[in-house]
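Open the model in your viewer and keep the sequence panel beside it.

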Amino acid sequence: MPTSAAASSSSENQSRPVPEDIVGRLSSSMASYEIKLKALRDLKNQIIGNRTKKLAFLKLGAVPSVVSILSSATAAASCRGGYDDNLDSIIIQSAAVIGSFACGFDAGVQAVLDAGALPILLSLISHQNEKVVDAGARSLKLIYQSKLAPKYEFFKDQNLEFLLSLLNCKNENVTGLGACVITHSCRTSIEQRALNDAGVVRKLISLLGGSVIQRDSSLESLAAILKENSEVILKFVGPENGRALNDVIELTKDKHPRTRLLACMCLVVIRNALPSYLQDLQIKTKLVLILLELLDDPGQVGEEAPFILSSLIVGKEDMQRLAFQENVIDKLCCHLEKGSLQAKRLQGIFLALADLCSRLESCRTKLLSLKALQFMVDAMSHDSAEVRAAACICLKNVSRSVENLSAGTFMNESVINPVVQLLCDTSTSVQVAALGAISNVVVDFMVQKTTFIEFGGVKQLVELSKSMDSTIRMNAVCALRNLMFLVSDRCKEAILLELTQSTLTSLICDPEVSVQEQALALVCNLVDGSTDGIRHVFADNCSLLRAVVRQIQSASKVEVVIQGMYVLTNVASGGELHKEAVMDELFPTLPGGPQSIVIKFLQSNESQLRTAAVWTLVNLTLPNSSGAFGRAVKLRRAGIISQLKNMMNDPCLDVKLRARTAFGQMMTLGDGSP
């Protein structure tokens, strides 16, 4: 019996055309239309749903051959006029093969575009044979579903009129193509307004009552036109469009899962741009429950549902609380427990969980109670870069829990090791996400910070702080800043030994403002606490201190100046040597010199800068320090007393309290007269 089965299998393999034979027939100039038609059908049957086969045929150069056949057949049909069954069959099969290569396969889309198939397929839309039109429209839709497809230029020549002709066509595949082009290419508010003014939105609304293809394509296009555009949304929900909003709400009850998903997506887009709409608790609850239900769909709908759920709850505490009450966290974790999830679905679930845990401690506690931390750690070794990044983002938000941070929940080998390994990931997005997670985890207030250092985490962060990518550089410095927060002097030494004074100095002067700000905040944490930390800014001929002062004097962004002043605030909290050094930098003794920059900071519109400046004055004039009187005299001469008097009733409470403290100390130290 086994022998018979093996013989049968061998026979089937022998009867199936080999790829080289198929491509040979397609590219042969001697082959008849019948031979090429048979080769096209053989090719289509082999590549449908088979990425491996698609790749194999790409390497053999099948796509240019197919496009060449399509081009020749289209040209011949145009010359002959009328119907020609043989030519039309060739055109239909060629278009179908091109669509199969493009379906969910970016390498196939690129090959199709490189071979020049797009304009030929577009010409098929005006063909006399409805079956040819269908084949062309289907292939074009598959191409336009890829990010690699060229952007449709709505304002070029007669493109907008052509788009409207597609939407007005009676052929549902053609109208679906028009909607697909909009979904792919509508990116700016100007384009959104132009499409609405041209009547596109009104036409799409009318198609909501059409076939399933028309309905779904229209919903997706409407979401693209309405996204983040309150002006167009107000017109959409206005009286001129009748019951459009109610029609979309009704479609959330449709029997087709994809229709329900896209209707939910439209409503989420509307609610995100105009929160005053769709405030009814019943509708909000309904959206959450429908999206949860759609997560069970085994196909594309189930893969997209968590992303729309994420969009519904991101940044909105009321929706996060509602989702928590509806046990969304439990249900998402149930999906994780099933295992063997497709990468996109897994990514979406982690992102939805991340958004749920972005604000509410109750959500973080619930997620951790379900042992979800292990799911995140496991996902960090997933083949998909998107999944690895999503797992890190989820860890980042969960680790905002002060209770679990202080308990050392995240600072252990099983969590730290996988995250540190991702700092060397080949994907930039994964590296950035891992740095974000580390930034939160290392804020840990306990002594476990040494764990991170022992695992080589600091070395990796320092390497990334030298990256050519400014986003990676900024996030790496941010992680180092948080690692330096409330850390022991011993750990400070270890971090600075790896980072070095010269690297830190160069980061303070980085071309990117965001890096400068984080580097100064790192120095602020370095000099916070004991005087042992402050001594580091005086090393190497005061290179760090001078770099900080240069930024305070020349920075174009107030955020950088604020961080720099907080560094000096901490340095001024040290001993006499430290206080005098700050005094010399901020109030240099130059006869007839310019007014001290501190006066400008005390008069700033930014309350944080005023706070930092006045706090520095408080530390410089502490009565128990031996040189306080001399500094107070110098400050009075600089006009500080009169400025402090003007700040006694500052609108910012922090500024007001510290201004009164500084003024009181200076009055205690001397006359206090200007």
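Start by selecting Leu322, found in helix α20 (residues 317-325). Helices here are DSSP runs of H or I with at least four residues, strands are E runs of at least two, and both are numbered from the N terminus. The model is predicted, so local features need pLDDT of at least 70 and side-chain atom pairs count only at pLDDT 80 or more, while totals for chains, interfaces and linings use all residues. Residues are numbered from 1 along each chain as its sequence is written, and side-chain values use heavy atoms, with hydrogens and water left out.

Stay on Leu322. Its relative accessible area is 7%, so Leu322 is buried. Buried means under 20% relative accessible area, exposed means over 50%, and partly exposed lies in between, with a 1.4 Å probe and protein chains only. Now show the neighbours. Leaving aside residues up to four places away in sequence, Leu322 touches Leu281, Lys284, Thr285 and Val288. A contact means heavy atoms within 4.5 Å. Next, draw a C-alpha to C-alpha distance from Leu322 to Met474: it spans 35 Å in space and 152 residues in sequence.

**The whole chain**

Zoom out. How many helices and strands are there in the chain? The chain has 43 helices and zero strands. The radius of gyration is 33 Å, well over the 26 Å that the globule rule gives for 674 residues, so the chain is more spread out than a compact globule. That radius is taken over C-alpha atoms, and the globule rule is 2.2 Å times the number of residues to the power 0.38. Along the principal axes, the C-alpha atoms fill a box of roughly 105 × 70 × 50 Å.

Colour by burial. Of the 674 residues, 54% count as buried. Among contacts in the chain with a separation of 6 or more, 70% come from residues 24 or more positions apart. The chain exposes about 29,600 Å², with carbon and sulfur atoms supplying 52% of it. Accessible areas come from the Shrake-Rupley method with a 1.4 Å probe; for residues, only the protein chains shown count as cover.

**Helix α32**

Select residues 489-499, which form helix α32. Which residues of this helix are buried? They are Cys491, Lys492, Ile495, Leu496 and Leu499. These residues cover an arc of only 130° around the axis, which puts them on the same side of α32. The arc is that of the directions from the helix axis to the C-beta atoms. An α-helix has 3.6 residues a turn, so residues three or four places apart point the same way.

Look at the face turned away from the buried side of α32: it carries the exposed residues Arg490 and Leu497. The buried residues of α32 pack against α29 (449-454), α30 (457-464), α31 (470-483), α33 (501-508) and α34 (513-526).

Most residues other than glycine have a negative phi. Select Leu278, in the loop between α17 (257-273) and α18 (281-294). Its phi is near 55°. Leu278 is buried, at a relative accessible area of 9%. Jump to Asn541 in helix α36 (residues 539-554). Phi of Asn541 is near 60°. Asn541 counts as exposed, at 61% relative accessibility.

**Aromatic pairs**

Rings of Phe, Tyr and Trp (its six-membered ring) pair if their centres lie within 6.5 Å; planes under 30 degrees apart count as stacked, over 60 as edge-to-face and the rest as tilted. By this rule there are two aromatic pairs. Select Tyr152 and Phe154: the ring centres are 5.6 Å apart and the planes sit at 65°, so this pair is edge-to-face. Tyr152 is buried at 10%, and Phe154 is buried at 3%.

Now take Tyr566 and Trp615. Their ring centres are 6.4 Å apart and their planes are at 85°, so this pair is edge-to-face. It links distant parts of the chain, with Tyr566 in helix α37 (residues 558-571) and Trp615 in helix α40 (residues 607-620), 49 residues apart. Trp615 is partly exposed, at 33% relative accessibility.
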